[in-house]
Amino acid sequence: MANFGQTTPFASNPLKTKDDLAQYLVDLLDPLAAHTSPGGARIHLGHTATHYDEAAAQLEGFSRPIWGLASLLGGGGEYKGTGRWVEGFKNGTDPASDEFWGPMRNKDQRMVECSAIGFSIAVAKDKLWDPLSDDAKRNFEDWLGGMNDKEMPNTNWLWFRVFANLGLSKAGSHRFDAKRMKADLDHLDTFYIGDGWSRDGPEGVIQLDYYSSSFAIQFAQLAYSKLAQAEDPVRCEEYRNRARQFALDFVHYFDEEGRAIPFGRSMTYRFAMSSFWGALAFADVELPAPLTWGVIKGLQLRNIRYWAKQPGAYYPDGTLTIGFCYPNQSMTENYNSPGSPYWCCKSFVTLALAETHPFWASEEEPYPQALRGTVKAIGHPLHITANVGGHTYLLSSGQQCSYPVKQSAAKYGKLAYSSAFGYSVPVGNGTLEELGGDNTLALSDDNGETWKCRRETREARIEDGKWLRSMWYPWNDVEVETWLVPPQKESPMWHLRVHRVKTGRALSSAEGGFAIYGQSEDGRALEPSTGEAFGTFEEGGMGRATSKAGVSGIVDVAEKDGARKGRALRTDANSNLIVARAVLPTLIAEHQSGKKNVWLITGVFAIPSVEQVKGAREGWMAEWEKRPAIPEEIQTIISKD
């Protein structure tokens with residue numbers, strides 16, 4: 001029974017060739033037929049709600065699969081269910097139809113869905129636009145062009161109107177607004193901050209998540225550079241140049257198995273995280289070394305293969321769940337409808353390419369050897385990435401969402417994020433078990449009744465390319481200064497954290513390492529163990545957990561200022577994005593108020609399992625016995641205190 005319920009309808013697909021990828025798309029599109037309205041304009045996949053109306057949610061279910069469908073059709077493929085979407089365009093844009101999507105309003109969710117619709121006209125006009133009657137075309141262009149005089153958020157959303165107008169232009173519509181499109185593009189270009197990176201908003205926004213890359217901005221720039229080359233060649237070449245620079249940073253967010261590091265919001269979009277690599281191919285970008293078309297192909301397809309095998313990502317009928325590696329409402333946004341996860345269909349963009357394109361013609365290559373065993377400081381997102389000893393993760397300080405987002409502290413404020421161990425979110429508002437406090441320093445001023453974690457980070461910077469340094473002010477009489485030091489040659493499986501806490505009130509603290517799968521080989525909860533056996537370990541200022549997912553541990557390096565106690569804390573179910581049952585190595589202490597600084601010095605240890613192998617590699621205890629050193633410059637600051 002070990003594999004009962006642990007497979008997907010797509011697991012047998014090798015996902016190696018263009019035909020394989022097309023079949024995976026078809027296998028995702030087919031189950032939608034049973035959830036499609038009689039007139040084709042709405043797809044209803046569930047009853048959970050969003051901040052926007054139900055008609056817009058059902059439009060989302062209709063529109064997002066079009067990213068994949070249009071790419072398939074644009075690349076010469078066929079799909080027997082294409083007529084459902086043609087009928088949907090007709091009925092969804094007809095004010096007299098019961099399935100009318102409704103007119104655009106200011107800052108309307110319908111605007112978001114126009115990006116896929118505009119893209120579909122641009123790449124598959126003959127299959128999706130041309131079959132419509134003249135009356136249907138008029139309704140369609142009037143509806144799509146209805147956003148041109150509406151207010152939009154000052155974010156990546158402006159790209160959605162660009163693609164609406166791009167589609168209208170390819171259709172030869174009189175509703176195409178060239179002036180509006182140029183103004184939007186000119187404004188979007190003000191988000192650019194250099195080295196290939198754009199923030200998701202105007203100056204002052206410190207938000208460079210997957211919307212800066214695959215979810216929105218980079219993907220949009222690349223798709224535009226392909227589709228508007230004749231009309232806007234200078235801008236298109238600029239976008240390709242940005243992508244070349246960006247790719248050399250973005251590659252560090254992926255591991256050898258194809259997983260991307262979960263970070264930020266909208267993680268339910270899953271393998272949309274890798275769509276940037278397909279967009280590079282779509283735009284025919286000349287690649288910078290060490291990237292080759294074989295490498296790009298591997299980055300894209302390995303990520304898709306990973307997700308095709310995640311049983312919790314799909315319902316039994318093959319439709320996508322809301323969540324990450326399993327259904328999870330705790331980590332979702334208030335804009336995630338049951339149709340939202342189909343944003344992942346952006347990663348089918350390479351279906352628009354001929355099989356002779358170098359993306360498909362090249363042999364798939366593994367993750368570049370030159371990038372393994374590396375640590376890289378990436379200045380704009382304030383990240384230091386590490387790919388050392390088989391563990392790909394990032395250290396982070398400084399990013400924060402510029403508007404309210406559920407679980408914002410967990411999505412942007414944690415100290416580290418891992419491709420193997422993900423991140424956790426709160427599932428309640430009380431105990432440490434509910435908090436999901438992995439890779440954060442949680443503080444409580446009410447004896448553990450409630451906890452605060454870092455959300456708004458101040459004065460963040462990377463110092464001399466060596467480490468991250470930042471400030472956090474959880475209360476007006478508490479300040480926390482933090483240094484995050486990446487792996488060192490002498491202790492490669494560790495990273496170091498140094499916190500200086502100055503407090504005017506009594507505090508409890510709980511600092512977590514990486515959350516890890518918390519079950520034994522028999523499926524029961526981990527029990528105490530020693531050595532390399534699966535189980536938990538607590539001793540003094542050490543906490544550790546070992547399971548089929550690898551090993552995760554935390555150590556109080558300072559062993560003073562209250563001598564923190566190590567625990568292997570069993571977190572509440574469904575708090576971690578990757579595993580539903582997790583154990584979190586944690587250090588816990590009490591601190592008194594006073595003028596004297598409290599120094600918390602923490603070593604964080606983790607080795608994930610390798611694909612198809614259960615547990616961390618044999619001999620990992622030798623790495624555990626090592627300890628990260630405090631850099632001399634930081635030690636000098638501590639000594640002077």
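I take the radius of gyration over C-alpha atoms, and the globule rule as 2.2 Å times the number of residues to the power 0.38. With 641 residues, a compact globule would come near 26 Å, and I find 25 Å for the protein chain, which agrees.

I note that this is a predicted model, in which local features need pLDDT of at least 70 and side-chain atom pairs count only at pLDDT 80 or more, while totals for chains, interfaces and linings use all residues. Residues are numbered from 1 along each chain as its sequence is written, and side-chain values use heavy atoms, with hydrogens and water left out.

**Overall form.** Along the principal axes, I find that the C-alpha atoms of the protein chain fill a box of roughly 80 × 55 × 45 Å. I looked up the secondary structure, which comes to 17 helices and 19 strands, taken as DSSP runs numbered from the N terminus (helices H or I, at least four residues; strands E, at least two). Of the 641 residues, 64% are buried, where buried means under 20% relative accessible area, exposed over 50% and partly exposed in between, with a 1.4 Å probe and protein chains only. Among contacts (heavy atoms within 4.5 Å) with a separation of 6 or more, I note that 69% join residues 24 or more positions apart.

**Cores.** I next looked up the nonpolar cores, each a set of buried Ala, Val, Leu, Ile, Met, Phe, Trp, Tyr and Cys residues joined through side-chain atoms within 4.5 Å. The largest has 151 residues, and those with the most contacts inside it include Tyr24, Phe119, Trp159 and Tyr224. Helix 5 (residues 109–128) gives the most to this core, with eleven residues. Apart from this core lies another of 22 residues, among them Leu415, Ala416, Phe421 and Leu526. Returning to Tyr224, and leaving aside its neighbours within four places in sequence, I find this residue in contact with Trp159, Val162, Phe163 and Asp232, among others.

**Two loop residues.** I find Thr155 in the loop between helix 6 (134–145) and helix 7 (158–170), and Thr155 is buried, with a relative accessible area of 12%. Not counting residues up to four places away in sequence, Thr155 touches Leu188, Phe191, Asp200 and Gly201. Pro311 is found in the loop between helix 12 (293–308) and helix 13 (358–361), and, with residues up to four places away again not counted, Pro311 touches Gly5, Gln6, Thr7 and Thr8. From C-alpha to C-alpha, I find 37 Å between Pro311 and Met152, which are 159 residues apart along the chain.
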